[in-house]
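Welcome! Let us walk through this structure together, one part at a time.

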Amino acid sequence: MTFRVEKKLFIKKENLLDFKEKIFSIGATNLYKSRKVQSIYFDNMNKDMYNDSIEGLNPRKKIRVRNYPDNINKYFLLEYKISSIEGRFKVNKEISQKRFDELKYNGIFDKKYGLCKPILNVIYDREYLINRDVRITIDTNILYNMYNNKIIKSDKDIVVELKTS
């Protein structure tokens with residue numbers, strides 16, 4: 001298990017080009033090809049995972065299933081993102097479409113949070129960069145909706161994450 005440090009930044013759309021120009025000028029390079037990412041987050045009826053995250057409590061976790069809709073080889077990753085006093089780490093495993101459908105229908109049981117069902121759907125475009133030992137992701141065109149709700153909201157800001165061990 002490798003702990004990492006993550007810092008999230010919010011950038012206005014009109015500042016994105018200046019931001020990218022700056023990070024490329026200090027040595028950042030593309031790490032992977034950009035792609036669309038979709039995540040379905042799970043939580044219990046009381047939204048305890050969400051509330052723990054908002055409050056900044058430790059330990060806490062997020063459970064999600066992530067996929068890449070434009071990828072020809074359809075696959076799904078069941079991910080547990082865990083935040084503790086020592087740092088953050090992520091555990092994931094590839095699951096089948098059938099298993100994903102089962103999780104959406106039946107939910108996931110967690111020892112701390114109990115039965116967790118799909119609660120939020122998020123989709124966005126992600127760029128992957130690296131500078132020395134810092135991974136940089138840039139998320140744009142962010143759309144989200146409550147699971148099973150047709151009303152889609154968009155986020156006008158750009159989300160940048162800096163990740164390092």
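Which residues does Ile95 touch, not counting those up to four places away in sequence? In this predicted model, Ile95 touches Val65, Phe76, Leu78, Phe100 and Leu103.

Three of these names come back when we turn to the largest nonpolar core, which has 13 residues. Phe42, Val65, Leu78, Ile95 and Leu103 are the ones with the most contacts inside that core. Several elements give two or more residues to it: strand 2 (29-43), strand 3 (60-67), strand 4 (76-84) and helix 3 (97-106).

Now move to helix 1, which spans residues 16-25. Its buried residues are Leu16, Phe19, Lys20 and Ile23. Looking down the axis of helix 1, you would find these buried residues within an arc of 95 degrees, so they line one face of the helix. After helix 1 comes Gly27, with a positive phi near 110 degrees.

Our last stop is Asp52, which sits in helix 2 (residues 48-55). Is Asp52 buried or exposed? Its relative accessible area is 11%, and because buried means under 20%, Asp52 counts as buried. Leaving aside residues up to four places away in sequence, Asp52 touches Leu57, Arg60, Lys112 and Tyr113.

Terms used
Residues numbered from 1 in each chain as written. Predicted model: local features only at pLDDT ≥ 70, side-chain atom pairs only at ≥ 80, totals over all residues. Heavy atoms only, no water. Helix = DSSP H or I, 4+ residues; strand = E, 2+ residues; numbered from the N terminus. Buried < 20%, exposed > 50% of the residue type's maximum accessible area, 1.4 Å probe, protein only. Contact = heavy atoms within 4.5 Å. Core = buried A, V, L, I, M, F, W, Y, C linked by side-chain atoms within 4.5 Å. Arc of directions from axis to C-beta.
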